Amino acid sequence: MVKNRKSLFLFLYLVIFIFNLSAVNFNDLNLSSDDRLLFNAEFEKQKTLFISRLTDMSMRQLTAFPEKLHLVDNGRMILALSRFGAVKIPAAGGLPETLAGYPSFTQGDIPLKGRLQDIAASADGKWFLYIEPVTTGFGNLFLVNISNGTKRIISERVELPGSDFPARWSPDSRLFVYSKGGRLFYVPILDDTSMLIDERFRMIGTGGITSVLWGKFGDFYYFSGNTLYKVKNPELFTRTVYGDFLSVGRVVATLPFDFDSNFDRYWLAPDSNSILVNKGTKNLFLFKLDDNRSKTSDSSTPFLPHIQIPFAAEYIEIMWSSSETFTVSYFIGNQFTAVRYESFGHTFTTYNNRQNVLLPNRVLSPDGTKIVFWGENGIELWDFINWRLIQRIDNNEVYSCVWLNDRSIITGNSRFIEEINVSVSSYPRRKIALSGADEAGFEETAGSHSRILVKAGNEWYVSDGSSPWLSVNNVQLRQTTLASDRFRVFLEPQASGHFRNVPMVRNLQATGTFSLVSNHKANNIYTLVRQTQIALCFDLYDDDTGLAQVLAALRRFNIRVTFFLNGEFIRRNPAAASAITEAGHETASMFYAPVDFSDSRYRITREFITHGLARNEDEFYRATGRELSVLWHSPFYRSSNIINEAAASIGYRTVNRTIDPGDWVSREDSLRHNLRQIPPAEMLDQLMQQLNQKRHPGAIVPIRLGLLPGSRDEYLFQRIDVLLDALIRCGYEIVPVSAVINR
């Protein structure tokens, strides 16, 4: 009996532990004699040290995990973002100070799973833009004053960003542009922001945030259709405040194809005389910009032969050191490739290349002479001009890195945010802030107000809680205690929710025991549900557009799903079919061709179905050397008992969708059948509403990949990151179809 009770207790403990694995975990509680509570909080492998004054429950962050660093105010201020919030740190050194206006743990916000919520900060360090989610697909865009946290709403119901933050600042911080609903708008920074007029009168035109760029000298570039406009910086602010933004612009390029902000990107050369256009993530074209070019299309060839980018390339970056030399870098899975190109006449010449870099992140120095790579394996400094390794600076994992100037970089690892001088062979370092604590406690002292001691690496640092950390020797650490004359503290395990355990405070001079985080709240649009498995599946009919983006997102979240493919897609895109299997995803059948079984032109027999499924198996094996699973669904989910029974006769299980997002409705379908074409952000709202309301255990949610024959303005797969964020934050476990259909 005792043994059974122990087994039951162990089972329940494991269930609680596994369920709360991604919840906030508190540890290292230490109470001072003057009622200050020191503790560590850990969330998704990020550990941060806090101190709370129990007499008024105020809280301060003492270390700053550098998941992402922004450098503003000409390098005088660092903004560090992590799951516990955003802080500002003087580049000269100092304790982190909570960035008001951004969700932070010290202000009562619970960390969210999924991606880090990014910001767009002005270069002068006075403002930042932040999108506060109000539904699964939409949020409100706020302009926040960095000095005092004052917030002003700029636009409501802006689509939550997929990969690119939907706003960009001018280099002089006097203006920013944002995208919403397939249109671009501008906002001038005035002394009185209450004078901001309706956004209808601030519209630039159609397009997304990737349609616009700011040049090195502050000039504004904007793609509309196949035309690139340029507005010179001196005229940009003075002549466009609440006027026609492009009235002072001029055409600097006309392309032989339309620029699609959904899938295309472009980069500007350092001398602003050329652009590189990445068309649909597959091809790069170099265009010369010529304000005085001839109006006849035969006067010169406007672009050079294209560079083809391999399938499944992601994180494509252009590093442009001169007008004639640039480097294209990208990842395919975990393999990094960088290829140097020099252009001569109308050809590209490969100059050099480097493969299998284990450091995934990279950034070019302001003068274009050096490049740093960083990541899990440390930092490498490279000579960009001659494309050679100069020095491996660090072997420890680095989370973020930015150039302070041509000589120095600011980096952040699990212990320090520091400046490294890369112009000197000894690479001297200067500590700016602590990003984590290996050990922490209070100093042994006769006074009532003990200083805080922190060990990072092999060194100890001391602070009074408001002054910068100072290196200290001969440390006298007071013994850890959980009680003072007034309070007693302890950790209480939690069976579910956002916290794995909770710091509890017992008031010894009054009646009551309360939670230190009782007033902390998560964004209420991400309501936690009871842990439920749901299956995401992706349908590929004939076009692989969006597949690389989806595979990259799934890899970032470490999620496995199911892909349904037909023979026509496999024949056209064998590399895409192989990429799916190599990524470890489940593959299933969608017949040998995208046949509409409800079409009267087809005579549906048992042999027709069985032969079509067998033919698809053979196509997949020829392309990948692997077998399809015995799961399938008919093209367009149009089926019948005869069709399903025929498939079952050869061992196939038919998959039906639980929720139809409606992402298959094209512009032509909308007109022909009088169907409303729902924007992806609305699809996300409806999808999550249906899941949360009906609590579908084992729900199957299909998403269509590829461009629709009848076209759409935007596709659901472009918001895959937003969807995964929402599902994870609400507590859903995303699994392949086989995991739910075999329940």
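Let's start with an open sheet of four strands, ordered S29-S30-S31-S32 and paired antiparallel. At its edges sit strand S29, residues 361-364, and strand S32, residues 388-394, and each of those pairs on one side only. If you look at how neighbouring strands in this sheet are turned against each other, the average is 20°, ignoring direction. Keep in mind that this is a predicted model.

Stay with strand S31, residues 378-383, for a moment. Five bridges join S31 to S32, and the two run antiparallel.

On one hand, four bridges join S22 to strand S21, residues 265-268, in an antiparallel arrangement. There, tryptophan 267 stands opposite leucine 276 of S22. The hairpin of S21 and S22 has five residues between the strands, and serine 272 takes a positive phi near 65° in it.

On the other hand, S22 is joined to strand S23, residues 283-288, by six bridges, again antiparallel. Here the facing pair to look at is valine 277 and phenylalanine 285, the latter in S23. The hairpin of S22 and S23 has three residues between the strands, and in this one glycine 280 has the positive phi, near 60°.

Let me zoom out for some overall figures. The protein has 11 helices and 50 strands. It runs to 743 residues, of which 54% count as buried. Among contacts between residues at least 6 apart in sequence, 53% join residues at least 24 apart.

So what about the nonpolar cores? The largest one has 70 residues, and Phe538 and Phe563 are those with the most contacts inside it. Helix H10, residues 720-729, gives this core its largest share, seven residues. In soluble globular proteins, nonpolar side chains tend to be buried together.

Which residues does phenylalanine 563 touch, leaving aside neighbours within four places in sequence? Its contacts include Phe538, Leu540, Leu547, Val550, Leu551, Leu554, Ile580 and Leu705, and also His585, Glu586 and Thr587. Apart from this core lies another, of 22 residues, with Phe39, Ala41, Val502 and Val505 among them.

Back to H10, for its packing with helix H3, residues 547-557. The two helices pack at an angle of about 30°, and their axes are 10 Å apart. H3 and H10 are therefore roughly parallel to each other. The crossing of the two is right-handed. If you'd like to show the side chains, the H3 residues that meet H10 are Gln549, Val550, Ala553, Leu554, Arg556 and Phe557. Their counterparts in H10 are Ile720, Asp721, Leu724, Asp725 and Ile728.

One last stop, and then I'll hand over. Glutamate 668 is placed in helix H8, residues 667-673. With a relative accessibility of 42%, glutamate 668 counts as partly exposed. How far is its C-alpha atom from that of arginine 712? The two C-alpha atoms are separated by 8.8 Å, while the residues are 44 apart along the chain.

Notes
Residues numbered from 1 in each chain as written. Predicted model: local features only at pLDDT ≥ 70, side-chain atom pairs only at ≥ 80, totals over all residues. Heavy atoms only, no water. Pairing = 2+ DSSP bridges. Axes fitted to C-alpha atoms, helices over the stretch in contact; angles between N-to-C directions. Core = buried A, V, L, I, M, F, W, Y, C linked by side-chain atoms within 4.5 Å. Buried < 20%, exposed > 50% of the residue type's maximum accessible area, 1.4 Å probe, protein only. Contact = heavy atoms within 4.5 Å. Parallel < 35°, antiparallel > 145°, perpendicular 65-115°, else oblique. Left-handed = near helix turned anticlockwise from the far one by under 90°.
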